[in-house]
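The exercises below each set a task and then work through a solution in steps. Please keep the sequence and the structure in view while reading.

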Amino acid sequence: KCYDQVDEVTSAFSLCVSPDRNQFWVGLKNHVRRFDLARPGRECDIFVVGDKSGCGQTGIISTMAVNKSLSCFAAGSYSKSVGLYTLDGSRLSLMKENKGGVTQVAFSPDDRRLYSGSRKDDQVICWDVRNLSKVLHVLRRHVLTNQRLEFDFVEGYVISGGSDGSVRIWNSLGEIVSGYLLHPDSVPGVSVHPHLPLLATSSGQRYPHLYQDDETFIPENSLKIWNFSRKNEEF
């Protein structure tokens, strides 16, 4: 459990597990905590990543991902920054190219590239972990909401939903290779089956009441599974 400065239970906003599965990190505001699975309870190591003066990576640590090959982890913040840290909490790099609060960070399956996406930002930014001083390439998608629009990986490709109801696919060079209009509403969730040619998508978003009074307005809140072995067929 996480306790704050007045000894009250507080909530973590993100989590990632160490490569050996013996520890896990959780992200809170301005700091990260490391817990040992062999020691249940409140004992943990606290790593401050930002402070009130604005130094470091400030704000809520909203998303985290671990790199198994390099033994480090990435953390995204609602302050529009992405940080790379060792497993002991030492900062390796801090990137501030995102235009909105970061909602997802993830390493490519080969652990060579780091991707980040943010809310109300049409860009998924990619860095080469060997040179984080400049952006490798940018993937363009359609994002108009504060939702966490997820992306996933499959066989060297990146796949992501959009707030326009489409699903886009890019190759490892950042070039868009395909796109499908699968929903009439925003697609915040995409997940590729690890072994079969199946794609799961979820759709929907929160609307103000004024839209609900419109008889022509039909929102969609659904979970669908698509079989791409038979020309984009839905189960």
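**Exercise 1.** Does phenylalanine 153 count as buried or exposed?

Solution. The structure is a predicted model, and every value used here is computed from it. The first step is to recall the cut-off, since a residue counts as buried under 20% relative accessible area. The next step is to apply this to phenylalanine 153, whose relative accessibility is 16%, so phenylalanine 153 counts as buried.

**Exercise 2.** Describe how the rings of phenylalanine 151 and phenylalanine 153 are arranged as an aromatic pair.

Solution. A pair of aromatic rings is described by the distance of the centres and the angle of the planes. The count of aromatic pairs in the model comes to 7. In the pair formed by phenylalanine 151 and phenylalanine 153, the distance is 6.0 Å centre to centre and the planes stand at 85 degrees. Planes over 60 degrees apart count as edge-to-face, and the pair of phenylalanine 151 and phenylalanine 153 is edge-to-face. Elsewhere, Trp25, Phe73 and Tyr85 form one aromatic cluster, while arginine 119 lies over the face of tyrosine 78, at 4.2 Å from the ring centre.

**Exercise 3.** Work out the order of the strands in the open sheet of 4 strands, and find which of them stand at the edges.

Solution. The order is β11-β12-β13-β14, and the pairing is antiparallel. Because β11 (102-107) and β14 (137-140) each have a single partner strand, they stand at the edges, and one side of each is left without a neighbour in the sheet. From one strand to the next, the twist averages 20 degrees. Within the sheet, β12 (residues 113-118) and β13 (residues 123-128) pair over 5 bridges in the antiparallel sense, and leucine 114 stands opposite tryptophan 127 in β13.

**Exercise 4.** Decide how many disulfides the model contains.

Solution. A disulfide is a covalent bond between the sulfur atoms of two cysteines. The count comes to 0 disulfides. For cysteine 44, the nearest cysteine sulfur is that of cysteine 2, 6.2 Å away, whereas the cut-off for a disulfide is within 2.5 Å.

Notes:
Residues numbered from 1 in each chain as written. Predicted model: local features only at pLDDT ≥ 70, side-chain atom pairs only at ≥ 80, totals over all residues. Heavy atoms only, no water. Pairing = 2+ DSSP bridges. Helix = DSSP H or I, 4+ residues; strand = E, 2+ residues; numbered from the N terminus. Axes fitted to C-alpha atoms, helices over the stretch in contact; angles between N-to-C directions. Phe/Tyr/Trp six-rings, centres within 6.5 Å; stacked < 30°, edge-to-face > 60°. Buried < 20%, exposed > 50% of the residue type's maximum accessible area, 1.4 Å probe, protein only. Lys NZ or Arg CZ within 6 Å of the ring centre and 35° of its normal.
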